[in-house]
Amino acid sequence: MTTLRDTDRALVQAAAAVAKLRCRSAAHTLATAARTADGRIVSGVNVVHPTGDTCAEVVTLGAAVTQNVGALETLVTVGDRGRQVLAPCDRCRRLLADHLPALRVIVGPVDAPEVVAVTDLPPGT
């Protein structure tokens, strides 16, 4: 794990802003923001539904592909209403590692998050 850069802190703030603005119901409780190497930010929120949920990381990856922004460099997910920075679930961890093995993920407590390679995230985080 490594400490955050200023651009990483800004990415956490961007995800928190999306969560505050868009996660106002039980249908949307998490927000993800991801940054490309050239500094573009793509974001998304999860979708909770009785037929199956879609994680914010997956929505963000789809948005990045749709917008043709290129490879994502760093990603962070935060919960609504000021909840913590969250690591991707096992399914998302595997998906991100398969599609973006160089991706950096911000994880840890909100007051002291750190950056780890997606391939170094242990299962069950």
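Q: Is Arg93 buried or exposed?
A: Buried: the relative accessibility of Arg93 is 13%, and the cut-off for buried is under 20%. Keep in mind that this is a predicted model.

Q: Where does Arg93 sit, and what is it in contact with?
A: Arg93 is in helix H3. Apart from neighbours within four places in sequence, its contacts are Pro88, Val118, Leu121, Pro122 and Pro123.

Q: Which residue forms a salt bridge with Arg93?
A: Asp90 does, with the closest N and O atoms 3.7 Å apart.

Q: How are Asp90 and Arg93 placed in the helix?
A: They are three residues apart in H3, which covers residues 90-99, so about one helical turn separates them. In general, an α-helix has 3.6 residues a turn, so residues three or four places apart point the same way.

Q: And how accessible is Asp90?
A: Asp90 has 34% relative accessibility, so it counts as partly exposed. Arg93, at 13%, counts as buried.

Q: How many salt bridges are there in the whole structure?
A: A search of the whole structure gives eight. One of them joins the side chains of Asp8 and Arg104, at 3.0 Å from N to O. That pair links distant parts of the chain, 96 residues apart, with Asp8 in helix H1 and Arg104 in strand S5.

Q: Are Asp8 and Arg104 buried or exposed?
A: Both are buried.

Q: Which residues are linked with those two in a network?
A: Arg5, Arg35 and Glu73 are linked with Asp8 and Arg104 in a network of salt bridges.

Q: What about Arg40 and Asp38?
A: Their side chains also meet in a salt bridge, at 3.3 Å from N to O. Arg40 counts as partly exposed at 39% relative accessibility, and Asp38 is exposed, with a relative accessible area of 53%.

Q: Back to H1. What should it span, and what does it span?
A: H1 runs over residues 6-22, which is 17 residues, and at 1.5 Å a residue it should span 24 Å. Its end C-alpha atoms are 24 Å apart, so the two agree.

Q: Which residues of H1 are buried?
A: Asp8, Leu11, Val12, Ala15, Val18 and Ala19. Seen down the axis of H1, the buried residues fall within an arc of 120 degrees, so they line one face of the helix.

Q: What's on the other side of H1?
A: Asp6, Gln13 and Lys20 are there, and they are exposed.

Q: What covers the buried residues of H1?
A: The cover includes strands S1 (30-36), S2 (41-45), S3 (72-79), S4 (85-86), S5 (104-107) and S6 (114-117).

Q: How do S5 and S6 run, parallel or antiparallel?
A: Antiparallel, joined by four bridges. Arg104, the residue in the salt bridge with Asp8, stands opposite Ala117 in S6.

Q: What's in the turn between S5 and S6?
A: The two strands form a hairpin with six residues between them. Gly108, in that turn, has a positive phi of about 110 degrees.

Q: Which residue has a positive phi although it is not a glycine?
A: Asn68 has one, at about 55 degrees.

Q: Where is Asn68, and is it buried or exposed?
A: Asn68 is in the loop between helix H2 (56-67) and S3. At 63% relative accessibility, Asn68 counts as exposed.

Notes
Residues numbered from 1 in each chain as written. Predicted model: local features only at pLDDT ≥ 70, side-chain atom pairs only at ≥ 80, totals over all residues. Heavy atoms only, no water. Expected span 1.5 Å × (residues − 1). Buried < 20%, exposed > 50% of the residue type's maximum accessible area, 1.4 Å probe, protein only. Arc of directions from axis to C-beta. Contact = heavy atoms within 4.5 Å. Pairing = 2+ DSSP bridges. Salt bridge = Lys/Arg side-chain N within 4 Å of Asp/Glu carboxyl O.
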